[in-house]
Amino acid sequence: MIEEQLRQYPAVVVANGAFPDYPLAHRLLQNAPMVVCCDGAFQTFMEKGAYANAQVVVVGDGDSLPAAWKLQYAQQFVEDKSEAYNDLQKALRYCISQNQNRVLLLGCEGKREDHFVANLSIMATYSDRLSMVMLTAHGMFHSIRQTTTFPSFPGQQVSVFCKDPELSLSFQGLKYPVHDRAFQFLWEGSLNEALGNSFTIEIVGTGTVVVYQTHP
């Protein structure tokens with residue numbers, strides 16, 4: 001079920017965190033129509049295996065690529081030396097420029113926890129322009145801006161994060177229900193549990209909510 005859901009995101013961005021070296025991520029990379037690598041992740045991406053089915057693009061300032069690699073893959077390299085954005089933002093901005101509106105994020109966790117927190121914030125920031133899901137070794141994060149129903153399974157661990165105290169939330173189908181509540185703190189919607197095959201996060205107002213679900 002999860003793999004079918006994730007295949008609905010045709011553009012896959014590979015960030016320069018820990019390489020997503022687990023079977024689900026490999027299958028998604030092998031079948032993705034487009035893979036956008038942050039330049040720091042490209043060498044590892046190529047060394048881990050060939051993904052012949054994908055159109056592979058490398059985005060960044062190029063500082064992380066050996067000169068020989070930049071020459072060899074010149075046609076796939078999209079140089080962006082802007083200091084206003086980091087490499088993940090550059091990759092997302094490239095997806096927007098290519099009208100790729102549904103994006104799967106890989107390699108966003110690991111190596112440095114501060115980068116992971118920043119990557120979650122970036123996903124939330126760009127959720128007004130892109131529909132995204134961030135896949136990790138243990139689960140996945142969705143960034144939503146409207147009422148959304150998620151497929152789930154009984155006992156699935158779920159956390160809901162919202163930084164906007166003006167946003168009213170309700171939870172249906174979770175062990176600990178919430179009714180028309182505005183969170184004051186980021187942790188207040190965490191550590192919940194799905195009761196059945198779906199749950200719904202209702203949003204009243206304009207803002208961003210991040211939802212985490214564990215893998216089966």
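Q: In which sense do β1 and β5 pair, parallel or antiparallel?
A: In this predicted model, strand β1 (residues 11–14) pairs with β5 in the parallel sense, over 4 bridges.

Q: And which residue in β5 is the bridge partner of valine 12?
A: The bridge partner of valine 12 is leucine 104.

Q: What is the order of the strands in the open sheet?
A: The open sheet has 10 strands in the order β4-β3-β2-β1-β5-β6-β7-β14-β9-β12, and the pairing is mixed.

Q: Which are the edge strands?
A: They are β4 (77–79) and β12, each of which pairs on one side only. Neighbouring strands of this sheet are turned against each other by 20° on average, with direction ignored.

Q: Which strands does α5 touch where it packs on the sheet?
A: Helix α5 touches β1, β2 (34–38), β3 (55–60), β4, β5 and β6. The direction of α5 makes about 150° with that of β2.

Q: Moving on to α6, how many residues does it have?
A: Helix α6 (residues 113–125) has 13 residues. From its first C-alpha to its last it reaches 18 Å, close to the 18 Å expected at 1.5 Å a residue.

Q: Which residues of α6 are buried?
A: The buried residues are Phe116, Asn119, Leu120, Ile122, Met123 and Ala124. They pack against α5 (87–97) and against the strands β5 (102–106), β6 (131–135), β7 (139–144) and β14 (209–214).

Q: Now the aromatic rings: how many aromatic pairs are there?
A: The count comes to 5 aromatic pairs.

Q: Why is the pair of phenylalanine 116 and phenylalanine 141 edge-to-face?
A: The ring centres of phenylalanine 116 and phenylalanine 141 are 5.8 Å apart and the planes stand at 65°, so the pair is edge-to-face. Planes over 60 degrees apart count as edge-to-face. Phenylalanine 116 is in helix α6 and phenylalanine 141 in strand β7, 25 residues apart.

Q: What about phenylalanine 141 and tyrosine 212: how far apart are the ring centres?
A: Those centres are 4.7 Å apart and the planes are at 45°, so this pair is tilted. Phenylalanine 141 and tyrosine 212 are both buried. Phe116, Phe141 and Tyr212 form one aromatic cluster.

Q: Which ring does the charged end of arginine 102 sit over?
A: The charged end of arginine 102 sits over the ring of tyrosine 9, at 4.3 Å from its centre. Arginine 93 lies over the face of tyrosine 85, 4.0 Å from the ring centre.

Q: Last topic: where does glycine 196 lie?
A: Glycine 196 lies in the loop between β12 (189–193) and β13 (198–204). Among the residues that glycine 196 touches are Ser152 and Phe153.

How values were computed:
Residues are numbered from 1 along each chain as its sequence is written. This is a predicted model: local features need pLDDT of at least 70, side-chain atom pairs count only at pLDDT 80 or more; totals for chains, interfaces and linings use all residues. Side-chain values use heavy atoms; hydrogens and water are left out. Helices (H or I, at least four residues) and strands (E, at least two) are DSSP runs, numbered from the N terminus. The expected span of a helix is 1.5 Å times one less than its number of residues. Buried means under 20% relative accessible area, exposed over 50%, partly exposed in between (1.4 Å probe, protein chains only). Contact means heavy atoms within 4.5 Å. Two strands pair if DSSP finds at least two bridges between them. Axes are lines fitted to C-alpha atoms, for helices over the stretch in contact, and angles run from 0 to 180 degrees between N-to-C directions. Rings of Phe, Tyr and Trp (its six-membered ring) pair if their centres lie within 6.5 Å; planes under 30 degrees apart count as stacked, over 60 as edge-to-face and the rest as tilted. A charge sits over a ring if NZ of Lys or CZ of Arg is within 6 Å of the ring centre and within 35 degrees of the ring normal. Lists of a residue's contacts leave out its neighbours within four places in sequence.
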